[in-house]
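Subject: Structure handover

Hello,

I am passing this structure on to you, with notes on what was found in it. Please look it over before reading the notes.

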Amino acid sequence: TYNKFPYPAEQLTGRVTFDNERVELHDLQATGPSGGRAVVSGTIIPPGGDGEVDIKIDGQGFAVDDFLLNAMKPKHRKVMDLFFNQQGYEYLLERGVVRSPGDASTDTGEESSVPVFEPGGSASMIVRIQRPAGPDQDYSVTTDLDVSGLRSVFGFWHYPLYAERGRVVISPQQVQVHGVYMRAIGGGGGVVDGQLILPRDGEPMRPMLQMTSVHLPIDQALVASIPAPKDQWVRTLNLGGALIGTGEVYAGADGEVAYTVDTILQDGDASPNGGAYPLTDIKGSVTVERTRVQLENLSSRHNDGTITVNGLADFGEGGLGVELALVGENLRLESGLVDLLPVGHEGRPLITDLFETYRPDGQLDAELHYFGDTGGESDRFTLNVQPKTLSLDLNGQRVELEDLTGGAELTSRQAVLHDLAGRFAAGTFSVDGDIRLVDD
């Protein structure tokens, strides 16, 4: 080993020449403790502690393991932990997103749908160890890493990725990321560029990374990468499709790693809550940040009707808070509409009972405004309905209502009718007022 980069070298062969003026390493060859081969060359001019040092280590097929990490300075190991995060890997194992190679070796022969994955792999790298001549000069170690073939789990985002191309250059003060294409475990991926300013004088590391050509399928791995309770909203929607866009990783105001990903949802589908009201052809804007997710003009179809959603899920210190606004046009009045409300919401039994009692059918426009939190203690909604046609059971008869005007506003506590008027077989009607649905 060399004390400035103490990576164990085995089966060392080659030639070293020296005299009073210089030491020269002539293509020394060695193997690493976990495999791989290295060629070492360079000079020390003049010999001794004050000499100029310029040594190059050209390594091929070296494992990203403890031997390599322990050869790095602590601040460089922290960078590697950002890309090969063990805690994130254990999180994926616990959620059943991936299996470890050890689990795979105990297979009974039955095919498993859970892929085998472990961060790390083998890489090629060039390490330059340099020091200017003179007393009290500092050494600098720069590692140029070809990441092709490495497997990664980010510390700030627990999602399994495969690096297919690109370079990471680790120098004394910063890390530069050049065109690293990361392939997602379920297909798709994205390109990462930028830099990380390494910590010094007690300051945190400052990432400045850009993600382009992002294309990620909304699958089990992506949903599982959202920690609870932040994953509640997407699990409630049972959302599918693909996210396409760009993003950036940066230092948040609190010094922690933060990120913003601006995407367009394409070819989406959803089965909210119980799944009785499926939505198709979903498209629109989704912005994902460390503490919030924003939906903008997210449109979808259900049969002949359309629903547009705008909303915000905030994961602040107070827990998960959700604010949604849904605008529906030409919707079929059917019992599955109740699944637009969360399972367990106090309004669901009431609406279900109304459907079972009156068996309504027809076409309507509607607006739903929903506010909720993790505990459900402050959940509330307002549903405004403008029916176009309506039929329902009333006093033992099926009543058909036509030429409807006005509407109704429904909350978990009352229904307010606003000049609801129309025509039926026996004449016309007009209703205005409110109906108390629960006792205070």
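This is a predicted model: local features need pLDDT of at least 70, side-chain atom pairs count only at pLDDT 80 or more; totals for chains, interfaces and linings use all residues.

Residues are numbered from 1 along each chain as its sequence is written, and side-chain values use heavy atoms, with hydrogens and water left out.

Cavities

A cavity here is a set of points, on a 1 Å grid over the protein atoms alone, where a 1.4 Å probe fits but cannot get out; its lining residues have an atom within 4 Å of a point. Grid points are joined across faces, edges and corners, and a volume is the space filled by probe spheres set on the points. Two cavities of 30 Å³ or more were counted. The largest cavity holds about 120 Å³ of space. Its lining includes Val79, Met80, Phe83, Leu145, Ser152 and Met182. Two or more lining residues come from each of helix H2 (74-83), strand S8 (160-170) and strand S9 (174-184). H2 gives the most, with three residues. Helices (H or I, at least four residues) and strands (E, at least two) are DSSP runs, numbered from the N terminus. The lining has 11 nonpolar residues, one polar and no charged, where Ala, Val, Leu, Ile, Met, Phe, Trp, Tyr, Cys and Pro count as nonpolar, Asp, Glu, Lys and Arg as charged, and the others, Gly among them, as polar.

Salt bridges

Side chains of opposite charge can pair when their charged atoms come close. With a salt bridge taken as a side-chain nitrogen of Lys or Arg within 4 Å of a carboxyl oxygen of Asp or Glu, the count is 11.

One of them joins Arg167 and Asp144, whose closest N and O atoms are 2.8 Å apart. This pair links distant parts of the chain, with Arg167 in strand S8 and Asp144 in strand S6 (residues 140-146), 23 residues apart. Arg167 is partly exposed at 35% relative accessibility, and Asp144 is partly exposed at 23%; buried means under 20% relative accessible area, exposed over 50% and partly exposed in between (1.4 Å probe, protein chains only).

Another joins Arg423 and Asp403, with the closest N and O atoms 3.0 Å apart. Arg423 is partly exposed at 36%, whereas Asp403 is exposed at 53%.

Regards

Technical notes: On a 1 Å grid over the protein atoms alone, a cavity is a set of points where a 1.4 Å probe fits but cannot get out, and a pocket is an open set with protein on both sides within 12 Å along at least five of seven lines; lining residues have an atom within 4 Å of a point.
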